[in-house]
Each structure stands twice: as C-alpha cells, then as structure tokens.
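Dear colleague,

Please find the sequence and the structure below. My notes on them follow directly after.

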Amino acid sequence: PPPGTGRKAGRQATRREGERAEPGCPAAACVPGSRGVGLCRCATAQTPARPPKAGVADFSCHFVTTMERGSASREGRVRHAVRFVLRAGGERTELASKDEFEEEVISNALHLEPEHVYCIQGFLGKKCFDVSIILENLVRGVWEVANRRKDEKPFVDYYVEPLFARELRTLTVAMFNSYVPEEDIVCFLKRFVDIRGIGVKVIDKRGFWTGKRRFKVRFKGSAPDGLLHPPATFEIGPNQGYLYYYGQPLVCRRCRKEGHVVDCRELVCRRCEGVGHFTSEYKEEMKCNLCGGEGHVFKDCPLHVVHGSAEARPGADH
C-alpha cells in the first residue's frame, strides 16, 4: 500500500489522537498517566516544591536534602524506621487512632510532610506505630527530637524505639599492625555490635590487601541515645587501630567526646579508657582493652587468640 496507509498507519494515528496535553502543560503533546495516575510526562517537573514548615529547624539541617519519591524498586530499599510504643502507666490508656497520631506526632510535633515519610503502620495488638522515613539522616533527626522532648506532649505518651539501629551496616576496620588476628578484632567489636558472617579483606584494584577488613554488623541499643557507637580509634593490646562507617558521629579521636575534633587537652588513661587522669595515676582494677573485662589485661585475657584456637574461643566467628 502507499505510504501513510494501512493498518500500521491507522494504529499510529489513533495513538497520536490519544496523546493530548494536560491542562496547563507547556508540551504540545504528552501522554496522560505516563508517570503515575493522571499525570503527564512533564507534570512532575512542573510541580513547584512545597516549602518546608517552620518546625524543620528542630532537625538541625537534616532537611537540607529532600528525596523525590521515585519508582517502587528504589523505595523498596528504604528501611529507616522508628517505633512509637504506647507507654504503660501514662495518661493515655488506649492507642491513638492513625489520623490522630499523624496529626499530633507526625505533623504538629515532628513537622514531617508526606514526601519525607515512606510508610506509617499501626499495630493495635502491640499498641505501637512504625514510622519509616525516606532518608537516614532524617530518621536520626526524628530520633533526636523525640529523645530531646521525651518529657513533653505528645512524646511523653510513647516509648520511642530506634528500629533503624537494627539494620545491617558495613563497618570497616584498619589495624596499623596487619598481623593482629581477625579473631581478636571480632572479639573487640562484639562489645559494641552484633556481627553477621565473617570479615572480608579490602583488596585494591591490583589485587593487594589494604590492611582493612569489612564487617556486616547490627548496632546494639543504648538507653541514653539509642545507639552504642564503637570508638573511632581504639587499641587491642599494644596495637592501635581505627574504624569507620556511614553515619558515624563526629567525635574527638583522643577523648572520644563530641564537640571538638582537634586541640584536645583531656587526660586519657590507657588502662581503663577513662578521661581525667593519666595511666600512671590509675589506682583501680585493671581493665582489658580486648574484652572490656576488669581484673586482667590484654596479655592475660582468656579470649585472646594466643590462649587457644579460634574454635575454642567462646563467641568467636569462624
């Protein structure tokens, strides 16, 4: 048949007739619903960003970046959550309705918008709400505000649990003495985290080991701030090392306190890992820097790998 005729040309013409621009859309022709229900291709790009509320300042720059909600495959990897459990013996005896919780806690107290929250789930049997947040820094901001205002309404009615602390994280450890046994490193780390699997050596592009190991870990909970952070710098016996991970708090590598990173004038004891006195002034019982126990030092520690094979050491990963 001549060009422009036949069944194929008819189907193309039908599609062109259906490609109408949405009202107010600058494009000459766009497909309705091509990006979500009832949206044209350029509707998302033309929608102005919603201005943040005044309460955003509570999160101290955690709202600087706002992720645009994308495909389901990308959102499926977001697992940053905080749980609000009804506090027993409080003024509120019954769990609030979902609408009431969203208005009092999410909107009025935390000043979160729908684009910041991935999901809110209510569990009547457990008397709690699970709030999943888009960004990791944002969920830490929620946790920070909830703890800072835990004696104020509406947070006083809930016990807040950091579910994000239970997520698997990648932690990288480097020892200046690369001959330190991995079993000793694992023993030290288990004071602060739960380790999944075994350590993996970090290899450079030429195939040489960098002296670093990566571990998959879950952080342990701690009553004051919700997370028990391992020290950025540490010692295992006479051997020094350091570690890092995403979301690590900025602390001084000498005294391990927040608020400064240089010009530290604190007195640090290498025997008890305490602050305020020198090692020579320490009069209390010895403390092992491997297992954290008192009454012995590293060389006498029963968990030290020299005292037996890895199979004989309790709690060691093989």
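In these notes, contact means heavy atoms within 4.5 Å. This is a predicted model, in which local features need pLDDT of at least 70 and side-chain atom pairs count only at pLDDT 80 or more, while totals for chains, interfaces and linings use all residues. Residues are numbered from 1 along each chain as its sequence is written, and side-chain values use heavy atoms, with hydrogens and water left out.

Not counting residues up to four places away in sequence, Phe84 touches Phe101, Val105, Leu110, Lys127, Cys128, Phe129, Val131, Phe155, Tyr158, Tyr159 and Val160. Apart from the core described next lies another one, of 23 residues, with Cys187, Leu189, Phe192 and Phe219 among them.

A nonpolar core is a set of buried Ala, Val, Leu, Ile, Met, Phe, Trp, Tyr and Cys residues joined through side-chain atoms within 4.5 Å; buried means under 20% relative accessible area, with a 1.4 Å probe and protein chains only. The largest such core has 28 residues, and Phe84, Phe101, Ile106 and Leu110 have the most contacts inside it. Helix 5 (136-148) and strand 1 (80-86) are among the elements that each supply at least two residues of this core (helices: DSSP runs of H or I, at least four residues; strands: E, at least two; numbered from the N terminus). Helix 5 gives the largest share, six residues.

Ile185 is found in helix 6 (residues 182-189) and is buried, with a relative accessible area of 1%. Its contacts include Arg213 and Phe215; the C-alpha atoms of Ile185 and Arg213 are separated by 9.6 Å.

With kind regards

Key: Buried < 20%, exposed > 50% of the residue type's maximum accessible area, 1.4 Å probe, protein only.
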